[in-house]
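I opened the notebook to look up sheets, a pocket and a helix crossing. Here is what I went through, entry by entry.

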Amino acid sequence: FPITHVGGLIWLFNAMQTGVELLMVETFDASTTPAWLGANGCTCAGAGTVFWLTYLNTQRQLPPGERLLPDVRIFNGGGAPKPKTLHAEMMDAFGAPLIGGWGLTEAPINTMVHVDDPDHKKATTDGRPCPGVQIRVVMDDRECASGEEGELRVKGRQVCQGYLDPALDAEAFDEDGWFRTGDLGIVDADGFVSITGRLKDIIIRKGENISAKEIEDILFSHPAVADVAVVGLPDSASGEIACAIVVNKDGAGLTFDDMVTFLKDAELSRHKIPERLEIVDALPRNPSGKVLKKDLRATYGGQA
């Protein structure tokens with residue numbers, strides 16, 4: 001994590017509290033940093049999906065038997081959605097699990113997977129609430145039942161007390177003092193939290209809500225897809241259309257018809273299939289690896 005990111009600050013304080021060693025580089029370079037980490041004994045390899053995918057792709061390019069990260073024990077972090085297949089891929093390539101969590105700048109590390117959690121929970125959830133963290137799931141001002149999707153709201157010692165501009169607090173906190181995260185998710189019967197998207201990432205087509213993350217999760221499993229983001233673009237007839245922006249794997253290609261067939265075969269509802277496909281060399285990301293969807297909407301939809 002960048003040191004100015006809340007994750008970077010947390011790791012810095014964690015290191016000072018516990019005495020663990022931090023491996024730091026001025027700038028993460030996909031072509032050199034993974035090997036440098038391996039050469040310097042990295043055991044906990046953060047930080048989020050784009051970095052994990054970089055480690056995985058680098059390992060796959062090495063000769064059989066050569067290990068990129070010979071000392072790695074876990075791939076820890078969060079900050080961006082992860083494909084459901086990634087945990088199994090990392091275990092196969094490195095023998096080390098994904099230890100993911102969920103949080104945001106205003107309320108970091110609300111949940112975290114535990115090393116002893118079952119593999120299917122590591123793969124598909126972001127763990128259970130950390131000590132002292134309370135989570136509720138709300139949709140249309142109604143408390144959601146177990147397994148029902150809604151906005152995740154949190155209370156706990158890690159939640160900010162408010163914004164520098166107090167005028168923002170009324171919208172950020174509900175009347176009972178819960179912080180509105182803007183993240184959609186479910187809490188299952190065992191207390192594990194799964195992030196399903198962002199409120200602002202819901203695409204509303206002809207009055208029906210479509211989750212961008214649901215489409216992304218399926219497309220991530222396509223053998224030609226290296227990276228993907230789905231955004232809603234304005235449309236005069238239906239309100240919004242779904243647009244898939246894809247980075248192809250080397251030597252592979254994905255056509256619009258390929259995408260439609262693949263999504264149909266995955267039994268995605270017909271009304272959720274994107275009407276548009278764009279192929280790019282790379283997705284725009286911020287320093288912590290989060291896809292800048294506002295930039296994609298501006299580029300392909302003519303609006304921010």
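**Notebook: strands, pocket, crossing**

I began with strand E5 (residues 134–139) and strand E7 (residues 150–155), which pair in the antiparallel sense over five bridges. For me, a strand is a DSSP run of E of at least two residues and a helix a run of H or I of at least four, numbered from the N terminus; two strands pair if DSSP finds at least two bridges between them. Within this pairing, I found isoleucine 135 bridged to valine 154 in E7.

A note on the source: this is a predicted model, where local features need pLDDT of at least 70 and side-chain atom pairs count only at pLDDT 80 or more, while totals for chains, interfaces and linings use all residues. Residues are numbered from 1 along each chain as its sequence is written, and side-chain values use heavy atoms, with hydrogens and water left out.

I then looked up the sheet around E5 and E7: five strands form an open sheet, ordered E6-E5-E7-E8-E9, with antiparallel pairing. Its edges are strand E6 (142–143) and strand E9 (193–198), each pairing on one side only.

**The other sheet**

Next I turned to an open sheet of three strands, E12-E13-E14, whose pairing is mixed. Strand E12 (225–235) and strand E14 (276–279) each have a single partner strand, so one side of each is left without a neighbour in the sheet. I traced strand E13 (residues 239–248) pairing with E14 in the parallel sense over four bridges, and cysteine 243 stands opposite arginine 276 in E14.

**The pocket**

I checked the second largest pocket, which has a volume of about 990 Å³. A pocket here is an open set of points on a 1 Å grid over the protein atoms alone, where a 1.4 Å probe fits, with protein on both sides within 12 Å along at least five of seven lines; lining residues have an atom within 4 Å of a point. The volume is the space filled by probe spheres set on the points, which are joined across faces, edges and corners. Of its 36 lining residues, Phe1, Leu23, Met24, Leu37 and Gly46 are the closest to the centre. I noted that helix H1 (6–18), helix H2 (33–39) and helix H3 (49–60) each supply at least two residues of this lining.

**The crossing**

Last, I followed H3 to helix H4 (residues 86–94): their axes, lines fitted to C-alpha atoms over the stretch in contact, with angles running from 0 to 180 degrees between N-to-C directions, come within 10 Å and cross at roughly 40°.
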